[in-house]
Amino acid sequence: MQDVTIRSRKDGIVELAPKHPPADGAERLLLVGTVLLASAGLFVCGMMPGEVLLAIAATSLAGEAVLGVRAIALRLLHPAAEVLELAHCRVRRP
């Protein structure tokens, strides 16, 4: 449990969240850009049809849109939480 942050929300629910957050926006955009660049290179070489390139671009854009809508919904639906930092627990064995 040392890699978990415990949040007590105002509505009485306790949330557990990882201390290492998922990739931030810049890292996600770098990854999506790399995938699109590689796909475009394969398209230019003739190894990938245009429809596949369009499908990859559309799914990348849809994925970012879903993450944006999710972030907005979480901000609106969940109240701000109090964050409690727990001390690291070390197990001592005799």
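Relative accessible area sorts residues here into buried (under 20%), exposed (over 50%) and partly exposed in between, computed with a 1.4 Å probe on protein chains only. The tour runs through a predicted model, in which local features need pLDDT of at least 70 and side-chain atom pairs count only at pLDDT 80 or more, while totals for chains, interfaces and linings use all residues. Residues are numbered from 1 along each chain as its sequence is written, and side-chain values use heavy atoms, with hydrogens and water left out.

Select arginine 28 and glutamate 64, whose side chains meet in a salt bridge at 3.4 Å, N to O; the term stands for a side-chain nitrogen of Lys or Arg within 4 Å of a carboxyl oxygen of Asp or Glu. Since arginine 28 lies in helix H1 (residues 25-45) and glutamate 64 in helix H2 (residues 50-77), the pair ties together parts that are 36 residues apart in sequence. Helices (H or I, at least four residues) and strands (E, at least two) are DSSP runs, numbered from the N terminus. Glutamate 64 is partly exposed at 22% relative accessibility, and arginine 28 is partly exposed too, with a relative accessible area of 27%.

**Second stop: the network at arginine 9**

The structure holds three salt bridges, and Arg9, Asp11 and Glu15 are linked in a network of them. Colouring by accessibility, one finds arginine 9 buried at 11%, whereas aspartate 11 is partly exposed with a relative accessible area of 44% and glutamate 15 is partly exposed with 26%.

Switch to a cartoon view and select the three strands, which form an open antiparallel sheet in the order E2-E1-E3; two strands pair if DSSP finds at least two bridges between them. At the edges are strand E2 (14-18) and strand E3 (81-84), each of which pairs on one side only. Neighbouring strands of this sheet are turned by 30° against each other on average, direction ignored, where axes are lines fitted to C-alpha atoms and angles run from 0 to 180 degrees between N-to-C directions. Strand E1 (residues 4-9) is joined to E3 by four bridges, and the two run antiparallel; here, arginine 7 stands opposite valine 83 in E3.

E1, E2 and H2 each supply at least two residues of the lining, and H2 gives the largest share, with five residues.

**Last stop: leucine 77**

Finally, select leucine 77 in helix H2, which counts as exposed at 68% relative accessibility. Drawing a distance from its C-alpha atom to that of valine 32, 45 residues apart along the chain, gives 28 Å.
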